[in-house]
Amino acid sequence: MKKWFLPGITGFCAGILNGLFGSGGGIIAVPLFGKSGLEPKESHATALFMMLCLSGLSAFLYYQKGVISFEEAAVFLPGGIAGAIAAALIFKKIEPALLRKIFGGFVTFSAARMLWGVFSEWI
């Protein structure tokens, strides 16, 4: 029972975050992949693959409901593709300790932005 529980919960939570917010699943997946024994780079790469699959499924379901704007998304794709290629090339050269710091920085920045948005609505 324990062998499937943590991966099942991890996948479920990542799917919820990714489906609702379009991102965030990696914030859960990367640390838990590390706890399951994957090296930091393997954790990040595996989380990216998982997010690709979850994003594809979420996009398909949103497409079925008619809430996707291909025209709006298309203008961001060239830059996004270029950024993904650049990141994949740089990824090989980044030390795991630096990768953890960068990841932690983005998580902290994202949390701060979300909290700022909540607090600014109250003020």
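1. Ile-90 lies in helix H5. Helices here are DSSP runs of H or I with at least four residues, strands are runs of E with at least two, and both are numbered from the N terminus. Ile-90 has a relative accessible area of 48%, so the residue counts as partly exposed. The classes are buried for under 20% relative accessible area, exposed for over 50%, and partly exposed in between, with a 1.4 Å probe and protein chains only. Between the C-alpha atoms of Ile-90 and Glu-71 there are 30 Å, although the two residues are 19 apart along the chain.

2. A word on the basis of these values. This is a predicted model, in which local features need pLDDT of at least 70 and side-chain atom pairs count only at pLDDT 80 or more, while totals for chains, interfaces and linings use all residues. Residues are numbered from 1 along each chain as its sequence is written, and side-chain values use heavy atoms, with hydrogens and water left out.

3. The chain as a whole contains six helices and zero strands. Read from the N terminus, the order of elements is α-α-α-α-α-α. Along the principal axes, the C-alpha atoms fill a box of roughly 40 × 40 × 35 Å. Of the 123 residues, 15% are buried. For contacts (heavy atoms within 4.5 Å) between residues at least 6 apart in sequence, 54% join residues at least 24 apart.

4. Ala-86 is another residue of helix H5, which covers residues 77-91. Is Ala-86 buried, partly exposed or exposed? Ala-86 counts as partly exposed because its relative accessibility is 33%. From Ala-86 to Gly-11 the C-alpha distance is 27 Å, and the separation in sequence is 75 residues.

5. Helix H3 spans residues 40-64, which is 25 residues. From first C-alpha to last it reaches 36 Å, close to the 36 Å expected at 1.5 Å a residue; the expected span is 1.5 Å times one less than the number of residues. Which residues of H3 are buried? They are Pro-40, Ser-43, His-44, Ala-47, Met-50, Met-51 and Ser-58. After H3 comes Gly-66, with a positive phi near 75 degrees.

6. H2 (residues 25-35) packs on H3 at an angle of about 140 degrees, the axes being 9 Å apart. Axes are lines fitted to C-alpha atoms, for helices over the stretch in contact, and angles run from 0 to 180 degrees between N-to-C directions. H2 and H3 are therefore oblique to each other; angles under 35 degrees count as roughly parallel, over 145 as roughly antiparallel, 65 to 115 as roughly perpendicular and the rest as oblique.

7. On the H2 side, the contact with H3 is made by Gly-25, Gly-26, Ala-29, Val-30, Phe-33 and Gly-34, and on the H3 side by Ser-43, His-44, Thr-46, Ala-47, Met-50 and Met-51. By class, the contact of H2 with H3 has six nonpolar, six polar and no charged residues. Nonpolar covers Ala, Val, Leu, Ile, Met, Phe, Trp, Tyr, Cys and Pro, charged covers Asp, Glu, Lys and Arg, and the others, Gly among them, are polar.

8. H3 also packs against H6 (residues 96-122), at about 45 degrees and with axes 9 Å apart. That angle makes H3 oblique to H6. Pro-40, Lys-41 and His-44 of H3 meet Pro-96, Leu-99, Arg-100 and Phe-103 of H6. The residues of this contact divide into four nonpolar, one polar and two charged.

9. Leaving out residues up to four places away in sequence, Ser-43 touches Val-30, Phe-33, Gly-34 and Leu-38. His-44 is buried, with a relative accessible area of 11%. With the same exclusion of residues up to four places away, His-44 touches Val-30, Phe-91, Leu-99 and Phe-103.

10. Arg-113 is part of helix H6. Arg-113 counts as exposed because its relative accessibility is 59%.
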